[in-house]
2 protein chains.
Amino acid sequence: MEKTNVAIVGFGNIGAGVARLLLDEGDRTARHAGRTLWLKAVVDPDTTRPRGVDLPASLLTDDLSAVTGDESIVVVAQLIGGIEPARTIMLKLLESGKDVVTANKALLAEHGPELFDRARELGRSIAFEGAVAGGIPIISAIGASLTANHITSIRGILNGTCNFVTTLMEEQNANYQEAIGEAQARGYAEADPTTDVTGADAAHKLAILAQLAFGARVSWKEIPTAGIDGLDVADINWAKELGYRIKLIASAEVTEAGLELNISPTLLHRGRPLAEVREAFNAVRVVGDAVGKVFFQGMGAGQMPTASAVVADMIDTVVGRAGITFQTLGLWSRKEDSASIRLADPSATWSRYYLRYLVDDHPGVLAEIAGKLGRHQISIASVIQHEAQKGAASGESPYVPLIIMTHAAQEGAARQATAEIEKLDCTIGRGVCYRVMD
Amino acid sequence: MEKTNVAIVGFGNIGAGVARLLLDEGDRTARHAGRTLWLKAVVDPDTTRPRGVDLPASLLTDDLSAVTGDESIVVVAQLIGGIEPARTIMLKLLESGKDVVTANKALLAEHGPELFDRARELGRSIAFEGAVAGGIPIISAIGASLTANHITSIRGILNGTCNFVTTLMEEQNANYQEAIGEAQARGYAEADPTTDVTGADAAHKLAILAQLAFGARVSWKEIPTAGIDGLDVADINWAKELGYRIKLIASAEVTEAGLELNISPTLLHRGRPLAEVREAFNAVRVVGDAVGKVFFQGMGAGQMPTASAVVADMIDTVVGRAGITFQTLGLWSRKEDSASIRLADPSATWSRYYLRYLVDDHPGVLAEIAGKLGRHQISIASVIQHEAQKGAASGESPYVPLIIMTHAAQEGAARQATAEIEKLDCTIGRGVCYRVMD
């Protein structure tokens, strides 16, 4: 059988998974590619650490030129995380004539325009199914399967760490610190979980999806982002009492005000598919005008699910499909339609809201707060106020939580009203303001 | 912009949806294909019936040679249902040099080998995303996105009509006849719903998926199939009491006994993604050894969801991706791996079972039935027997339903035990024996 030489640059967790599939399961890649994907080199600065894969010693090197200087290698899985040296190495790979497959979402979200332009100039391709939602083929779904649609909405659970943490908080009544500790102990969160829990990782992925689905040339830093790092288990419990779950939701919605992008803890009604996604799973709901709602769920990270996506991209590249997709999608190019996408002013977008304030349990307090909301055109759908509980944020104070579910209101109004209510004498501490999706 | 001429053969409901996307939404197909998909001809024996789409009169003809004789037309959406004349027309289209896109699952399930061989001989391609689960890109997922996996299990709700009917039966306590009437009134079931309710349509689709995922060259008629046409709302209610829902499930599982294919009403534990799929939605759960579980849900039928899949296939064909996929997949070809797939002996496959018998409410009856089960190595997990109810199948007789949930047992044993139990003096009528999936 014909052989096509491939290489891996970056021999970490994902790289080891890719090596395992190429070395141990060559028959299946051969069957789908019509030829053997022959792993000719693996490049990593660390050539000694064991990775649990039986790699012939001659393959592993710390010298990138073993790949860039070998013309017989045509496809490279570039699996280095972070921005540098990943960016420089990807440019070198493209410039040495390689088609590249990557799972590095931070790199694409930050330097997509530069990298894709360079690949186009050089006649090369970049495939990146593994960069968003790991084993869920969402890039292929939006980039190829749903091309007959005008996509109007994408909502996703794009970060498995956050979903694992919120699941633990809900199901075990754990507080945030306990849950993140458990996630770290079980390998679902890194020692420094900042990128995950602040929503930055989800923002990287949403920036890529927004480019893919809407041609929006948006930096991930422009996306209004709130993480789960400030999440209080009290709110998860209130949400539960109201029939909802709180998840970190990444959303991109086409509205009259423009394309609305957002990452934030969001209340989802139980029973809805996204609300039922537990633990470290990812999920994406796409709405297209022809197809209606399509829902995808699977493992969004982890060694083998991501390696599954990377190897599928390598096969796609070898057979030529990835090159066609790369050309026809024209991602991050300066096509006219990119210019026509207008981002919505975040403060002008509409949502229902969950509000929680700690209030002094006196007569007239609800009227005062309701009055503030009313002046911002925020209409109350329901209210919960229980009797004072011990162990609330304020200890055994006279303050009790007041929970308000609103009808649809503008984000700016909800934020402004909350800021004003926080300053009232009858409230203490910060208010909570989360979106609610039906 | 460059133009590529395309045509539609079969101007029914789906054909009209495809025409609408091509005519009204040409800009989006152009953006994804890099050229305009120009609808040059629509062929149907009925050129007068209105279809709710604004088709220029000059396009519509009853003469197939307007397509087969026009060399400028390169891609044809063949959207005639049934076997003939669809088969003959597809062969003519291939022989006149057209690449074909179809949504006809019955045709592929019955004549896939002939049609795919002929297309290969002629250097043409057949794309068929719309044939299985409509708007869910399951063909692309299995055929391209999950190619790095050894797929071990596919379970799906592949027939929207059946799922709509079982949803109505469960949620409105409707009997089968009432539910099918409501489904017909709401356009979810045809006047003659036989193909849907007997499971034949699901078997067509499963035969295609089994070929795609496992290389199994199996006729849909070989798949053990039970439909929902014999489903009693009483069983749906008993299942509910036990925490389950009954759905028509199509399953393909790799087991030690070989590839096990089955279509039957099946109990699914509530909360599991497939159990939560309501109304006319379709869903598919695929398990791969690298990716783990991946779950897809969307509209499985209907004009625009299916048209969405057909037009995406037309774009894929025009840009060249479909041709590559067609070649690399080698579907229904005589590759060696086709021969290596062994179908499991259905009677030797294992499952848990839900059993219901109408029994005479006498002492010793449970012992007698439990004894029969025990002699077939069927172990009882739980039993429900309520007091006699009015309005049961036997009227106000002394017979009461006895519901048994078993541990894993062999299908042959469960069937044989049920046949023997039906013959006991202490039971009346037919027993019920459904699979249970966790």
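Here is a stop-by-stop tour of the structure above, with something to select at each step.

**Before you start.** This is a predicted model, in which local features need pLDDT of at least 70 and side-chain atom pairs count only at pLDDT 80 or more, while totals for chains, interfaces and linings use all residues. Residues are numbered from 1 along each chain as its sequence is written, and chains are lettered from A, with ligands numbered from 1, in the order in which they are written.

**Stop 1: the domains of chain A.** An automatic or database domain assignment supplies the bounds. Select 3-134 together with 305-336 for domain 1 of chain A, then 138-298 for domain 2 and 348-437 for domain 3. Between the C-alpha centres of domain 1 and domain 3 of chain A there are 50 Å.

**Stop 2: where the chains meet.** Here 48 residues of chain A are in contact with 48 residues of chain B (contact: C-beta atoms, placed from the backbone, within 7 Å). Of the interface residues of chain A, 100% are also interface residues in chain B, so the copies meet through the same surface. On the side of chain A that touches chain B, the elements giving two or more residues are α2 (26-33), α6 (138-145), β11 (292-299), α12 (303-319) and α13 (321-329). Helices (H or I, at least four residues) and strands (E, at least two) are DSSP runs, numbered from the N terminus. α12(A) gives the most to this side, with nine residues.

Now select residues 292-299 in chain B, which form strand β11. Three bridges join β11(A) to β11(B), and the two run antiparallel; strands pair if DSSP finds at least two bridges between them. Which residue of β11(B) is the bridge partner of F296(A)? The partner is F296(B).

**Stop 3: strand β10 of chain A.** Select 281-288. Seven of the eight residues of β10(A) are buried, so this strand is largely enclosed by the rest of the structure. (Buried means 20 or more other C-beta atoms within 10 Å of a residue's own, exposed means 12 or fewer, and partly exposed lies in between, with C-beta atoms placed from the backbone.) Six bridges join β10(A) to β7(A), residues 151-157, in an antiparallel pairing, where S153(A) stands opposite V287(A). β10(A) also pairs with β11(A), antiparallel, over eight bridges, and N282(A) stands opposite G298(A) there. Three residues lie between β10(A) and β11(A) in the hairpin they form.

**Stop 4: helix α11 of chain A.** Select 233-241. The buried residues of α11(A) are D235(A), I236(A), W238(A) and A239(A). They cover an arc of only 165 degrees around the axis, which puts them on the same side of α11(A); the arc is that of the directions from the helix axis to the C-beta atoms. Just after α11(A), look for G243(A), with a positive phi of about 95 degrees.

**Stop 5: two spots in chain B.** Is helix α6(B), residues 138-145, largely enclosed or open? Eight of its eight residues are buried, so α6(B) is largely enclosed by the rest of the structure. Finish at D63(B), in the loop between β3 (60-61) and α3 (65-68) of chain B. D63(B) is exposed, with 12 other C-beta atoms within 10 Å. From D63(B) to D44(B) is 19 residues in sequence and 7.7 Å in space, C-alpha to C-alpha.

Conventions:
Contact = placed C-beta atoms within 7 Å.
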